[in-house]
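Please read the numbered points with the sequence and the model at hand.

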Amino acid sequence: MCGIVGLFLKDQSLAPQLGNMLTDMLITMTDRGPDSAGIAIYGAERDGKTKITVQSPTPETDFVGLADELGKSLGAMVGQTDNDTHTVLEVPAGQFEAARTALAEIRPSVRIMSRGDSLEIYKEVGLPKDVADRFNLSGMSGTHGIGHTRMATESAVTTMGAHPFNTGSDQCLVHNGSLSNHNSLRRKLRREGVVIQTENDTEVGAAYLTWKMMNGATLGEALETSIDDLDGFFTFVVGTKDGFGVVRDPIACKPAVMAETDQYVAFGSEYRALVNLPGIEDARVWEPEPSTVYFWSHTNSPTTHEKAA
Amino acid sequence: MQTYDLEADGLRGLNSSLQAQNAETNQTSWEIVNPKGSHAIAVGLDAPIEVTVKGSTGYYCAGMNQQATIKVEGSVGPGVAENMMSGQVIVDGDASQYAGATGHGGLLVIKGNASSRCGISMKGIDIVVHGNIGHMSAFMAQAGNLVVCGDAGDALGDSLYEARLFVRGSVKSLGADCIEKEMRPEHLNILKDLLDRAGSDAKPEEFKRYGSARQLYNFDIDNSAAY
């Protein structure tokens, strides 16, 4: 199973309530995924800074003095905002690779959850309500966000196996379904030099998209080729700095419902997740078609592209 | 009229109250408010009562229905009227995947669109969809009638047995062993009756009939590529 929720705001006056609305949607999807939960939220960005969200199993020791030590390694000021087992480090733009190398040395046990100008990813093992509470997800604001509740089938229940997965700067992916060719694809991607940290199938899906985009594909193109290259069942929701997209495999047995009003575009694995959104009674509600890439962006008009079967 | 607030009073109470009705009941008309996309609303009924759901539902609404008339003033999630035996289920909005799956009897009317696998393995149910249906509909359908006033998606009627399929619009592709068949007067009569009962003003003459080519009934090595 697994549950997915997503909310993309057209009306930015709702931005302070994004976390609150998304948390309500996420907790409603507990039945579909009670073992882990996570959220990717696109919030405020600061000029010239890249945000790196990291997680530690021992934050009480790992996070002490982390910004100072990382700053010394990079020769720059680094910001640090702790939030339970996660902390958001702000490093100068362009220094992500140097920061990743430095972190591996000074704090070998921290894991990188996400990087980007505005993206932060928070995820942990546990009931969605407990995960939401520990990070105070309902208090977060942003322009759009994606959440996931996990019922694991393909790999272990761990923080690193929880969704969303970061696929590239400001990009993330959540997945409902199971990929059946992830082992062979993981070997292939590793040979191509793509870093894959776990035995999780969705991480391979995320790494696949990253690899395609590293080789010049747009996100839309990468999603289209994923329909041919990934074997298995999937409903994917992806986030980018200024938008979010949805694609389902040709069989489309993993559920998906979308709703659109003048104020937002919302995604839910089930309609239940959407019922408390403002104006849902009058929203356009529909089921996304199989093998079709949908995309909404703050900078462009919505696009839908049906892939020829 | 009995009114039941699903949000306040819970699903178990609803289904046990509805299932407790019988042919002699005086409580023949029920209204369910605040469904809020909940699953398994009004399942397993077996009495000639009328139930109206005021809003959209989740999975398996009106499953295993016998005798009752269930109307949904909204859209329904996957598996509406699954394994219906008799009675009627009417959906004002759209239906998600496998609407009317394995139904043995009764009438399912969807006034909007139905998505994939509509009428999968139907065994005698009649289904009328005012809009379009998705891919793999009527897969292994054995008996009954599927009427589509709009278009049908890919692989309609794959591995079909003796269900009749009537489509007014286009069919994206036919599944294995499903072919277009001649529309004879008896088919027009069946279609007219179903359209009337489903409240559609579509004309029977505008439809095409599809059915089984009966080549896959028994295993034949020459057909191995088609199984």
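1. In this predicted model, Phe166(B) has Arg209(B) of E11(B) as its bridge partner. The strands concerned are E9 (residues 164-167) and E11 (residues 208-212) of chain B, which run antiparallel and are joined by three bridges. Arg209(B) is also the bridge partner of Lys181(B).

2. In what order do the 11 strands of the open sheet of chain B stand? The order is E1-E2-E3-E4-E5-E6-E7-E8-E9-E11-E10, and the pairing is mixed. The edges are taken by strand E1 (2-5) and E10 of chain B; each has a single partner strand, so one side of each is left without a neighbour in the sheet. On average, neighbouring strands here are turned by 15 degrees against each other, direction ignored.

3. A parallel pairing within chain B deserves a separate remark. Strand E6 (residues 107-110) and strand E7 (residues 123-129) of chain B are paired in the parallel sense through four bridges.

4. Arg197(B) and Val128(B) are 69 residues apart in sequence, while their C-alpha atoms are 9.3 Å apart in space.

5. The overall composition of chain B may be stated briefly. Its secondary structure consists of three helices and 11 strands. Read from the N terminus, the elements of chain B follow the pattern β-α-α-β-β-β-β-β-β-β-β-β-α-β.

6. The dimensions of chain B can be set against a simple expectation. For 227 residues, a compact globule would have a radius of gyration near 17 Å; the value for chain B is 18 Å, which agrees. The C-alpha trace of chain B spans about 60 × 35 × 30 Å along its principal axes. Among the 227 residues of chain B, 52% count as buried. Of the contacts in chain B with a separation of 6 or more, 24% are between residues 24 or more positions apart.

7. Chain A has an open sheet of four strands, in the order E4-E5-E3-E6, with antiparallel pairing. Which strands stand at the edges of this sheet? They are strand E4 (79-83) and strand E6 (111-116) of chain A; each has a single partner strand, so one side of each is left without a neighbour in the sheet. Neighbouring strands in this sheet are turned by 20 degrees against each other on average, direction ignored.

8. Within the sheet of chain A, strand E3 (residues 49-55) and strand E5 (residues 86-92) run antiparallel and are joined by seven bridges. Val54(A) stands opposite Thr87(A), a residue of E5(A). Helix H4 (residues 96-106) of chain A packs on the sheet and touches E3, E5 and E6 of chain A; its direction makes about 30 degrees with that of E3(A). Helix H3 (residues 66-74) of chain A lies across E4 and E5 of chain A, at about 25 degrees to E5(A).

9. A pair of helices in chain A also calls for comment. The axes of helix H1 (residues 18-28) and helix H5 (residues 128-135) of chain A come within 8 Å and cross at roughly 155 degrees. H1(A) and H5(A) are therefore roughly antiparallel to each other. H1(A) contributes Thr23(A), Leu26(A) and Ile27(A) to the contact, and H5(A) contributes Pro128(A), Lys129(A) and Ala132(A). By class, the contact of H1(A) with H5(A) comprises four nonpolar residues, one polar and one charged.

10. Finally, the two chains touch. How many residues does the contact take from each chain? Chain A provides 10 residues and chain B provides 13 residues. By class, the side of chain A that touches chain B has seven nonpolar, no polar and three charged residues.

Terms used. Residues numbered from 1 in each chain as written. Chains lettered and ligands numbered in written order. Predicted model: local features only at pLDDT ≥ 70, side-chain atom pairs only at ≥ 80, totals over all residues. Pairing = 2+ DSSP bridges. Helix = DSSP H or I, 4+ residues; strand = E, 2+ residues; numbered from the N terminus. Axes fitted to C-alpha atoms, helices over the stretch in contact; angles between N-to-C directions. Parallel < 35°, antiparallel > 145°, perpendicular 65-115°, else oblique. Contact = placed C-beta atoms within 7 Å. Nonpolar A, V, L, I, M, F, W, Y, C, P; charged D, E, K, R; others polar. Rg over C-alpha atoms; globule rule 2.2 N^0.38 Å. Buried ≥ 20, exposed ≤ 12 C-beta atoms within 10 Å, placed from the backbone.
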